[in-house]
Amino acid sequence: MGGEHGAGSWYLCYFLHRLLDYRIPEVESLAKLFGCSGKLQWRQAPNHHPDSPFYFVRLPSEDMARSIAKRSVLVKAIFEIWGEGSTYEELRAAVEAFPEEKKRPYLGTEVTFKIIVDTFGKVISSEEQIKLINSFDFIPFQGRVQLRDPKEKFWFMETDGRVINNGMPAPLEPSVDGTRLFFGREIGGADRSLVTKYALSTRKYLGPTAMDAEIACLMSNQALVDTGKFVYDPFVGTGSILVAAAHYGALTMGADIDLRVIRDGRGPDCNVWSNFKQYDLPPPVGLVRADNNARPWRPNLREVFDAIICDPPYGIRAGGRKSGGRKLLKGIIDPYIIPDDKRKEHIPSTAAYILEECVHDLLDMAAQLLVTGGRLVFFYPLSREEGADNKLPDHPCFQLLSSSEQILSTKYSRCLLTMEKTSEYTDDLAARAQETHLEFKKNHAKLLDAKDKLRSLVFTPSGEVLQRVIPKYRGKYV
Amino acid sequence: MRLLTHNMLSCNIKGVSKGFPLGIEVAKLETKTVEFNPQFLRHSFPKIEWKAFQEAAKTLGVNDLPEQVEPSMLDDDDFLRRFHHALLEIHLEEGDLVCPETGRKFPVAKGIPNMLLNEDEV
């Protein structure tokens with residue numbers, strides 16, 4: 001193994017072949033959560049495509065690797081690699097050269113073990129697998145083979161670099177064979193049972209935009225959610241994001257502009273509360289019916305949340321709403337006054353809430369309410385049209401840590417942004433935010449007319465049918 | 001609605017300068033047991049507007065909180081438990097929150113305060 005300088009050792013991270021852009025940021029966030037400061041070092045096998053599921057990462061300790069693997073959603077397993085090579089002979093030589101003292105603790109008579117064969121991008125018969133397993137008889141294992149729950153699991157992994165099929169990423173240099181063989185000891189792997197446990201298909205109370213369990217867990221990992229942290233979702237809906245946060249031990253709070261969704265649900269046993277009860281999770285400590293555009297928090301409230309995680313309404317599956325509807329809609333300058341006798345039962349109308357304004361409000365709120373070092377994790381839509389101006393949102397209090405794209409259609413994708421609050425919210429920033437707020441309000445009709453560009457982009461037929469050939473290797477589609 | 005939430009909310013009607021703390025009119029209270037989490041309590045304590053909290057607690061019938069507090073009290077288990085109970089276990093299930101300046105009522109139903117403003121209030 002190369003790179004013996006610097007702290008820690010190299011471990012092989014074998015990712016699940018999904019959500020490719022999300023894999024490395026997840027491991028980096030978890031490393032931070034478990035106390036590893038600074039940027040992680042990564043390297044790939046020779047000639048491997050960036051989408052390859054095999055990455056080497058340098059971590060300070062095996063315990064750190066185990067913690068990360070266990071908590072992750074996208075790490076299939078992390079390994080101490082005993083050898084790698086482009087051919088079986090190279091692999092065998094490397095395993096034989098791997099230091100004796102590092103192998104010895106795992107080869108004793110008391111160590112039960114099994115060898116797992118995993119070929120990425122091709123299928124091999126069980127006869128071939130057994131042949132491969134037996135070919136490792138040059139390693140002096142003394143322990144008993146135990147298929148069910150062995151003490152140690154060894155993996156033989158192979159990527160076939162010659163064939164481009166079944167989602168196999170092509171080698172960087174097509175003429176060079178990217179085939180790579182690895183042999184290693186498993187340190188830990190993701191607990192994917194969470195994805196099944198919290199699957200939306202078994203969730204009692206669902207809305208049209210409920211967050212998928214896998215992504216909700218990923219968002220919590222990006223937000224460094226942990227026991228006793230305080231997590232807020234300003235667009236809580238049916239609570240799908242907070243369910244994941246509560247699973248990781250957070251106290252949660254949510255707000256939504258739609259009263260029926262958060263208060264009434266579909267009855268006494270089918271509402272936001274029941275979604276937490278269903279999994280024996282502590283319910284949110286607070287649910288508030290509130291408008292992200294006219295927030296009800298006391299003006300001097302600062303730094304209360306450790307993380308803010310949300311999926312803002314950006315007008316594709318669900319449009320955002322904000323207060324002040326009828327007045328804004330009719331372009332009435334004078335205040336729209338509700339007669340006193342109607343006031344008690346009055347149901348306030350709402351107006352459309354455009355993406356730019358929604359994101360401005362979100363960043364301003366997060367800058368006020370997050371602790372320093374706290375994270376804001378949210379989805380942001382991107383257009384995939386050629387020449388589209390996809391500027392990511394920014395704010396002087398925040399540093400963008402990662403943006404992970406997930407392609408949803410030929411026309412648009414969504415990006416999971418992870419931002420860290422790096423500096424304090426000042427009076428000056430508050431004044432500027434208020435100015436922008438009024439600016440948005442004044443130009444509401446005009447901005448609405450210019451039309452939510454993204455929405456029209458997705459829904460308006462463009463006249464010409466897109467005749468793009470979709471390659472078999474799906475990259476970010478997986 | 002727990003007192004933790006109450007302590008964070010204010011009336012945000014346009015032009016209102018003193019919208020905190022909101023008065024509480026109780027129609028129905030509930031007590032729900034919440035796991036005791038000292039770490040969270042210590043984290044929340046400095047963010048709490050104590051006077052408003054202590055008075056709101058009294059309105060909900062919790063009279064055992066001191067008027068004056070200091071961070072050293074967080075080492076006292078007895079204090080932490082009383083703080084925990086008032087902050088997280090007492091719920092206003094039905095009632096109203098009242099703006100101290102305008103008297104505007106924000107209804108609380110099924111434990112959820114409705115803070116949405118009317119068109120002429122934003």
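Colleague: In what kind of contact do the side chains of Glu49(B) and Arg298(A) meet?

Modeller: A salt bridge is counted when a side-chain nitrogen of Lys or Arg lies within 4 Å of a carboxyl oxygen of Asp or Glu. The side chains of Glu49(B) and Arg298(A) meet in such a bridge, at 3.6 Å from N to O. The model is a predicted one, in which local features need pLDDT of at least 70 and side-chain atom pairs count only at pLDDT 80 or more, whereas totals for chains, interfaces and linings use all residues. Residues are numbered from 1 along each chain as its sequence is written, chains are lettered from A and ligands numbered from 1 in the order in which they are written, and side-chain values use heavy atoms, with hydrogens and water left out.

Colleague: How many salt bridges and polar contacts are found between chain A and chain B?

Modeller: A polar contact is a pair of N or O atoms within 3.5 Å; within protein, one must be able to donate a hydrogen and the other to accept it, and residues adjacent in sequence count only if both atoms are side-chain atoms. The interface of chain A and chain B has 2 salt bridges, and 14 residue pairs are in polar contact, both residues at pLDDT 80 or more. On chain A, strands E9 (251-256), E10 (286-289) and E11 (305-310) and helices H9 (259-264) and H11 (325-329) each supply at least two residues to the side touching chain B. Helices (H or I, at least four residues) and strands (E, at least two) are DSSP runs, numbered from the N terminus.

Colleague: How much area do chain A and chain B bury between them?

Modeller: The size of an interface is often given as the accessible area lost when the parts come together. Here buried area is computed with a 1.4 Å probe and summed over both parts. Chain A and chain B bury about 3300 Å², 58% of it on carbon and sulfur atoms. With contact taken as heavy atoms within 4.5 Å, 45 residues of chain A touch 32 residues of chain B.

Colleague: Into which domains is chain A divided?

Modeller: Domain bounds come from an automatic or database domain assignment. Chain A has domain 1 (9-191) and domain 2 (195-425). Their centres, taken over C-alpha atoms, are 38 Å apart. The contact takes 14 residues from domain 1 of chain A and 22 residues from domain 2 of chain A. The two domains bury about 1500 Å² between them, 54% of it on carbon and sulfur atoms. On the domain 1 side, Tyr22(A), Arg71(A) and Val73(A) lose the most area, together 42% of what that side buries.

Colleague: Which salt bridge does Arg18(A) form?

Modeller: Arg18(A) pairs with Glu214(A) through their side chains, at 2.5 Å from N to O. The count between domain 1 and domain 2 of chain A is 2 salt bridges.

Colleague: In what order do the strands of the open sheet in chain B lie?

Modeller: Two strands pair if DSSP finds at least two bridges between them. In chain B, 4 strands form an open, antiparallel sheet in the order E1-E2-E3-E4. Strands E1 (23-31) and E4 (112-113) of chain B stand at the edges with a single partner strand each, so one side of each has no neighbour in the sheet.

Colleague: How many bridges join E2 to E3 in chain B?

Modeller: Strand E2 (residues 90-98) and strand E3 (residues 105-109) of chain B are joined by 4 bridges. Val98(B) stands opposite Lys105(B), and Leu97(B) opposite Phe106(B). E2(B) and E3(B) form a hairpin with 6 residues between them, and Gly103(B) in the turn has a positive phi of about 80 degrees.
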